[in-house]
Amino acid sequence: MNVASELTKEPALSFARVMSSAPLIIFVVLLIYLAIAAPNLLEPSTISLILKQSVPTVIVCLGLATVVVAGGDDVVSGGIDLSIPATAVLCAGVIADQLTNHGSSLFFALALAIAAALAMGIVNALLVVFIGMTPLLATLASSVAAVGITKVITSSRRINIDHPFIIYIRDGDIGGVPSAVLVAAVFVLIFCIAVHRTRWGMQLQAVGGSREAAEVSGIKASRLVAQSFMLAAIAGALASVFVLARGSGSTPGSEENLLLEMVLATFLGAAFSPRRIVTVWGAVLGAVLVSVLSVGFKSIGVDVFWTGCIKGSLILIVVASAAYTGKAQS
Amino acid sequence: MTLPVDYILEMQNISKAFPGVQALDKTDLRVRRGSIHGLVGENGAGKSTIIKVLAGVYTRDEGSVSIDGQAIDTITPIAVHDAGVRFIHQELHLVPHFTVAESVFMGQELQGMLGLASRRMQQRAETFLRESLNCDIKGKTLIRTLSPAEKKLVQIARALIDDQAKLVIFDEPTAPLASGETEQVFKAIRRLKERGISMIYVSHYLGEITELCDEVTVFRNGSTVAVMTDIDEHATDRIIHNMVGRDIDALYPAKTVSPGQPLFISSSLSDNKRFFDINLQANRGEVLGIAGLIGSGREELIDTLYGLSVPTQGSIALEGKTLRLNTPADAVANGIVLVPRDRRNDGLVLDMSVADNINLASLDEVAIARMEKRGAAQKRATRLSDQIDIRPRNAKAITRFLSGGNQQKVVLARWLATQSSVFILDEPTVGVDIGAKVEIYQLIQNLAANGAAVIVSSSDPQELLGLCHRVMVMYRGQVVADEQALNLNFDALLALSTAGVATAVTS
């Protein structure tokens, strides 16, 4: 009977394993193809460009990964925060408006942006923790509202920035490494340690893994989930600086691509983890890979609209794989 | 002169009332230091209420509680925890992708100079599991790769790792385990006893109670009816007598029709997880009962018979023809229907009218060109609902506002409207008042009398004996008895369900 049961079990298990690795396999194949089709992709200057391009996505991914860790990675009912890119663009709009149109100091502009981000975080936390809304719906709604406010502030127009701090983040380097990448690396390190190497982070993971188990163990689950949304909003504020630097100002509509890349990168990151769960470092790695794809497609001359289509399909594959793996495990 | 006994826990004269129910009535529970104390009683006897009073979930109306000689006036979860009381809940509360060490230290993580002290937590978890629970697993192992028994031990380790536990309460610790795995948990529990920890062991499995416990308190209807200090392997009969103490009354209609030909048969049916090698035979004109505790595989078997899950081995046949039931729709198409245990969520669309709920499964018969004929549909629903006396007598009433018994009758009426031959009823009278119960029992007898095969799965032994022609008993995934109801009595059925063997004396 043992032999029989193993025989009947084995194919299902290995199929689930293939499904959970599918995004990774597809990405590796795409990367190999790009490396062959665009040989200059692996040159140091291109790699430096790729890393620089990836910074805004990396930073918003830090926020999303934190929320998913605390809310669980169930694709529908788990933790998700779709409003981080909108928060980033809102903060970018606030900073650009203050610096260029009102002549405010950098400190004041940044403080105002952080206040706006915290307000977004509080709204999300209230909607999810106290009202009990699904994070997917709550943050979709707050995201739309944030984009609306941004349009009001910027009159839906592009605002250029020539503040030296933003220019430094855009062009500066320390020992040949772009300053944006170095600053981002510091934030990555902080989030990685906080989520994966501290007591607070372990408890955050426990809440995401099983809220009931965490509560039985005396962990204050609601507080941690609320904190994760606050951190996500702060990540949005941090990302805004890099969004401004990359675009030399604030541009309406730039949240769309950021949202796409953030979701793709974070759930792709789960495929890197041996436990197949969303992690901060996995999301960062995912963000860099997504950036490699974007730059790679551009350098071999793929139409930008096709790039969007390919990324959309990849999101479907990544999320479908996560949903299927979750189903196979339950 | 006798020496005073040393009690770790003394609960005296505990009373607790809920609106309309006296859940505990001057109940006593005393646990000697260093002993394993069994707590038994039927569902609703007050076991979980007194445990929740001790846990600080409920506040007692009267009575005194003292832990380790210290009287405690206001019981709060924190106060009992500080007094060294730990609860091992029935649910495991584990995260599948956590490691053993992460699970053991959940909520009480150790910190070193640089963040988490992962290595130290791994070593301490491994040492504790090995030395205190007799279990050799690595701290880095992922929970989802463990056996159910190992998971239970990890849960126990989490409660006891701080070495402050004096009294541990186990609530049905072996419920999710297969019979071979219980021994591993027992060994761990005996090891804890050697280390001087006192325990309360709550279980429906009386075989386990007699094997493990030094003393047993029996609850019935919220009162302590017996404290038994002479527990040996033959004590099961005496425990059952103390638990029950009542007779089967005349709730049940006469079983007049004699069973006919075999209709619905399963051969060697297994899902390789919760039930194994089930040979079930339901005959025309017969009510077949399935008995078994929660976790005996009874629910999973029912799901499989109805196509809600697919078996890994064995086959199901109707009138000699083998069926492949991949979905409930396959079952219904073959005339096999289910009245689910959770009627409010699985059985009814609560915001639809009674008539719409009745017609849900047989719309084709009241339709022309796939369009429902409202008039004919209403008329038929009204006829059916009058036939089985659904109240209020208004087929347009919204189902949500009906009583439990009448809602159950709506589900039954739906299947009466179809030409079905096999009726599977899962806990058909849970939450139904006595009057409606009698009517549902009569309906079930009528179904059988009209030539259908009826299968009733129930956790109420009395109901099975009163209602069924034949009863099949499941214990830890296997059929341990398949007997004519006439050859069984309450004690024997309870013994079969709770211990897997008919130890009770037939009287």
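Where in chain A is the place of A:Ser248?

## A serine and an asparagine with positive phi

In this predicted model, A:Ser248 is placed in the loop of chain A that runs between α10 (221-247) and β4 (249-250). Although A:Ser248 is not a glycine, its phi is positive, at about 55°. Its relative accessibility is 22%, and A:Ser248 therefore counts as partly exposed, since that class begins where the buried class, under 20%, ends.

In chain B, a positive phi near 55° is found at B:Asn13, again a residue other than glycine. B:Asn13 belongs to strand β1 (residues 7-18) of chain B, and with a relative accessibility of 39% B:Asn13 counts as partly exposed.

## Helix packing in chain B

Helix α4 (residues 118-133) and helix α5 (residues 148-160) of chain B pack with their axes 10 Å apart, at an angle of about 100°. At that angle α4(B) is roughly perpendicular to α5(B), because angles of 65 to 115 degrees fall in that class. From α4(B), the residues B:Phe128, B:Leu129 and B:Leu133 meet B:Leu153, B:Val154, B:Ile156, B:Ala157 and B:Leu160 of α5(B).

Helix α5(B) also packs with helix α6 (residues 182-194) of chain B, where the two axes come within 9 Å and cross at roughly 25°. The helices α5(B) and α6(B) are therefore roughly parallel to each other, given that the class covers angles under 35 degrees. On the α5(B) side the contact is made by B:Ala149, B:Glu150, B:Lys152, B:Leu153, B:Ile156 and B:Leu160, and on the α6(B) side by B:Gln184, B:Val185, B:Ala188 and B:Leu192. B:Leu153, B:Ile156 and B:Leu160 of α5(B) are among the residues that meet α4(B) and also take part in the contact with α6(B).

B:Ala149 is placed in helix α5 of chain B, and with 0% relative accessibility B:Ala149 counts as buried. When neighbours within four places in sequence are left aside, B:Ala149 is in contact with B:Leu177, B:Glu181, B:Gln184 and B:Val185; of these, B:Gln184 and B:Val185 are also named in the α6(B) side of the helix contact. From B:Ala149 to B:Ile398 the sequence separation is 249 residues, and the C-alpha to C-alpha distance is 46 Å.

B:Thr145, by contrast, lies in the loop between α4 and α5 of chain B and, at 55% relative accessibility, counts as exposed.

## A buried serine in chain A

A:Ser321 is part of helix α13 (residues 304-329) of chain A, where its relative accessibility of 5% means that A:Ser321 counts as buried. Not counting residues up to four places away in sequence, A:Ser321 touches A:Met19, A:Ser20 and A:Pro23.

Conventions. Residues are numbered from 1 along each chain as its sequence is written. Chains are lettered from A and ligands numbered from 1 in the order in which they are written. This is a predicted model: local features need pLDDT of at least 70, side-chain atom pairs count only at pLDDT 80 or more; totals for chains, interfaces and linings use all residues. Side-chain values use heavy atoms; hydrogens and water are left out. Axes are lines fitted to C-alpha atoms, for helices over the stretch in contact, and angles run from 0 to 180 degrees between N-to-C directions. Helices (H or I, at least four residues) and strands (E, at least two) are DSSP runs, numbered from the N terminus. Angles under 35 degrees count as roughly parallel, over 145 as roughly antiparallel, 65 to 115 as roughly perpendicular and the rest as oblique. Contact means heavy atoms within 4.5 Å. Buried means under 20% relative accessible area, exposed over 50%, partly exposed in between (1.4 Å probe, protein chains only).
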